[in-house]
Structures are given as structure tokens and as C-alpha cells.
Amino acid sequence: MSDGQIGTVVIGGSQSGLAVGYYLKQRDLSFVILEVSNVIWCTGFTWDYDWIDLSLPTHNGVPIHNRGIVDSCPGLYFVGLLFLYSLSSALLGGVGRDARHIVEHIVSTRPTGWASERAQRMAR
Ligand SMILES: Cc1cc2nc3c(=O)[nH]c(=O)nc-3n(C[C@H](O)[C@H](O)[C@H](O)COP(=O)(O)OP(=O)(O)OC[C@H]3O[C@@H](n4cnc5c(N)ncnc54)[C@H](O)[C@@H]3O)c2cc1C
């Protein structure tokens, strides 16, 4: 796309995802195929999770997490929630600190699951 944005995200990088990618490429559409071990939600601090159905333990409608790390679902993280860590978590000054914490956790827990191992096998 001319504005530099990716038009389509394909979730899953096996046969179906690669086939979709093939035809997107044929039509000269921009896309990225994701085969991931970790998902970090950075969707803002509103409490509306109607768009996704996840069986996660919640408190007052918010997934229970430890400084953005969802212990009940390894590989799932949040950045940008209100009071994720402190008052500044929902302010520009706190987002970088919280983001670094999540990335350091991901690095410290690698390898993180079947998806990364599978992706590594596919890359060989
Ligand atoms: C009125 C107001 C004033 C503020 N003033 C200040 C200030 O003066 N100083 C300060 O430090 N901070 C201020 N903030 C807070 C600051 O805006 C936030 O820290 C910052 O916006 C957080 O960024 P974020 O990326 O976490 O969330 P957001 O900026 O809300 O971005 C979330 C992104 O996720 C996308 N998204 C959401 N849901 C989905 C979905 N289902 N699928 C795909 N994409 C999705 C959205 O399109 C958006 O791009 C203010 C906030 C508000 C609301």
C-alpha cells in the first residue's frame, strides 16, 4: 500500500496462511503472516473486550495480570492498561517502562512454546 500500512494480517503460517499469502501477493496486496508465540495487546485502556472471546480469569471485566503478564495464559501480555504497574502506565511517560518489562519477560522465558519451535523448524 502506498501509505506504508500493511493491509492484511494473516494469523497462522502453515498451509492455509501461506496459500492466502500467495494469492494476496498475486494481487499485489500488502500483508504479513504471523506465526507467533507471544501476543501483546496494546489496544488502549478502555475496558471493552467484546471483540474477542477469551476464557481468562478477570477482575471487574479486566483480565487478571501481573504487570501486564497474564500468568493464566503464557505468551499473552498487555501494555497500556490503566494502572498496569502504576499511575503512569496509562500515560506517555509510563508506556516505555512497561513495554520494556514485557519484552524482558519474553526474553527471559524463551523458548516460549510450540509455535516458536514449529516456526524454527519451518525456517530450516
Ligand atoms: C483525552 C485524553 C487525553 C490524554 N492526555 C494525555 C497527556 O496529556 N499526557 C499523557 O502522557 N497521556 C495522555 N493521555 C494518555 C495517552 O493518550 C496514552 O498514554 C496513550 O494514548 C496510550 O497509548 P496506547 O497505544 O496504549 O493506546 P491508544 O493510544 O488508545 O492506542 C490503541 C491502539 O489500538 C488500536 N486498537 C484498539 N482496539 C483494537 C482492536 N480491537 N483491533 C485492532 N486495533 C485496535 C487503536 O486503533 C489504537 O491505534 C490522554 C488520553 C486521553 C484519552
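1. Helices (H or I, at least four residues) and strands (E, at least two) are DSSP runs, numbered from the N terminus. By that reading, S30 sits in the loop between α1 and β2. This is a predicted model: local features need pLDDT of at least 70, side-chain atom pairs count only at pLDDT 80 or more, and totals for chains, interfaces and linings use all residues. Residues are numbered from 1 along each chain as its sequence is written.

2. Overall layout. The protein has three helices and six strands. From the N terminus on, their order is β-α-β-β-β-β-β-α-α. Two residues are in contact if their C-beta atoms, placed from the backbone, lie within 7 Å. Take the contacts between residues at least 6 apart in sequence: 42% of them join residues at least 24 apart.

3. Burial. A residue is buried if 20 or more other C-beta atoms lie within 10 Å of its own, exposed if 12 or fewer, and partly exposed in between, with C-beta atoms placed from the backbone. Of the 124 residues in the protein, 7% are buried.

4. The core. A nonpolar core is a set of buried Ala, Val, Leu, Ile, Met, Phe, Trp, Tyr and Cys residues joined through C-beta atoms within 7 Å. Which residues make up the largest nonpolar core? There are five: Y77, F78, V79, L81 and L84. In soluble globular proteins, nonpolar side chains tend to be buried together. Leaving aside residues up to four places away in sequence, Y77 touches N38, I40, G68, I69, V70 and I102.

5. Helix α1. This helix covers residues 15-26. The expected span of a helix is 1.5 Å times one less than its number of residues. Just after α1, D28 takes a positive phi of about 60°.

6. From S30 to V32. S30 counts as partly exposed because it has 14 C-beta neighbours inside 10 Å. Its C-alpha lies 9.1 Å from that of G4, although S30 and G4 are 26 residues apart in sequence. V32 belongs to strand β2 (residues 31-34). V32 is partly exposed, because 13 other C-beta atoms lie within 10 Å. V32 and I11 are 21 residues apart in sequence, with 8.6 Å from C-alpha to C-alpha. Not counting residues up to four places away in sequence, V32 touches I6 and V9.

7. R67. This residue lies in the loop between β5 (62-63) and β6 (76-78). R67 is not a glycine, yet has a positive phi of about 55°. Is R67 buried or partly exposed? R67 counts as partly exposed, because it has 16 C-beta neighbours inside 10 Å.

8. F83. Look for F83 in the loop between β6 and α2. Its phi is near 50°, a positive value in a residue other than glycine. F83 is exposed, because 12 other C-beta atoms lie within 10 Å. Eleven residues along the chain separate F83 and G94, and their C-alpha atoms are 9.9 Å apart.

9. A99. Helix α2 (residues 92-108) holds A99. A99 counts as partly exposed, because it has 16 C-beta neighbours inside 10 Å. From C-alpha to C-alpha, A99 and V79 are 6.2 Å apart, and they stand 20 residues apart in sequence. V79 is one of the residues of the largest nonpolar core.

10. The ligand. A residue is near a molecule if its C-beta atom, placed from the backbone, lies within 6 Å of it. Around the ligand are C42, T43, G44, W51, G80, A90, L91, L92, G93 and V95. Ala, Val, Leu, Ile, Met, Phe, Trp, Tyr, Cys and Pro count as nonpolar, Asp, Glu, Lys and Arg as charged, and the others, Gly among them, as polar. How many residues of the shell around the ligand are charged? The shell has no charged residues, six nonpolar and four polar.
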